[in-house]
Amino acid sequence: RQHNHTRLCVVDPEDSVFYECFQTRDRSVTLQPKEHGGRAGSRIEGIGRPRVEPSFRPDVIDRMQRVPDAASLAAMRFLRNLLGPTGPVPRASTG
């Protein structure tokens, strides 16, 4: 959105609010707690949040894509197999 040559695509796991905030520009978006009939929040460690963090800057993002947890976990397993036992160990947030 800055009209630079570099473009930024951000992925967000399911059950996280960043994608919705990017689409609507509503920073008050939250996940309703599970005990009140809501979702549990992202299962992918290290990324995804139940509320929009102050550091989230949708104005610098060109495109956002929601990634299902299963796809993130599958990408992690694919990378682990590709890199082999002596390579770096990818985690789910890598996918």
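D69 counts as buried because its relative accessibility is 3%. Here buried means under 20% relative accessible area, exposed means over 50%, and partly exposed lies in between (1.4 Å probe, protein chains only). D69 sits in helix α2. Its contacts, not counting residues up to four places away in sequence, are P13, E14, R43 and I44. A contact means heavy atoms within 4.5 Å.

The model is predicted: local features need pLDDT of at least 70, side-chain atom pairs count only at pLDDT 80 or more, and totals for chains, interfaces and linings use all residues. Residues are numbered from 1 along each chain as its sequence is written, and side-chain values use heavy atoms, with hydrogens and water left out. The pLDDT is the predictor's confidence in each residue, from 0 to 100. Its mean over the chain is 83, and 81% of the residues reach 70 or more. Among the elements, helix α1 (residues 18-24) has the highest mean pLDDT, 94. Helix α2 has the lowest, 88. Where pLDDT is low, the predicted coordinates should not be read in detail.

The chain holds 2 helices and 2 strands. Along the sequence they follow the pattern β-α-β-α. Helices (H or I, at least four residues) and strands (E, at least two) are DSSP runs, numbered from the N terminus. Of the 95 residues in the chain, 25% are buried. Among contacts with a separation of 6 or more, 70% join residues 24 or more positions apart.

Helix α2 covers residues 69-83, 15 residues in total. From first C-alpha to last it reaches 21 Å, close to the 21 Å expected at 1.5 Å a residue. The expected span is 1.5 Å times one less than the number of residues. The buried residues of α2 are D69, S72 and M76. Seen down the helix axis, these buried residues fall within an arc of 65 degrees, so they line one face of α2. The arc is that of the directions from the helix axis to the C-beta atoms. An α-helix has 3.6 residues a turn, so residues three or four places apart point the same way. The buried residues of α2 pack against β1 (9-13) and β2 (63-67). On the other side of α2, A70, F78, N81 and L82 are exposed. Just after the helix, G84 takes a positive phi of about 80 degrees.

D12 belongs to strand β1. It counts as buried because its relative accessibility is 3%. D12 touches V17, F18, Y19, G48, M64, Q65, R66 and V67, not counting residues up to four places away in sequence. D12 and S72 are 60 residues apart in sequence. In space they are 10.0 Å apart, C-alpha to C-alpha.

The largest nonpolar core has 10 residues: V17, F18, C21, F22, V29, L31, V52, F56, I61 and M64. Helix α1 gives the most to this core, with 3 residues. A nonpolar core is a set of buried Ala, Val, Leu, Ile, Met, Phe, Trp, Tyr and Cys residues joined through side-chain atoms within 4.5 Å.

R25 counts as partly exposed because its relative accessibility is 38%.
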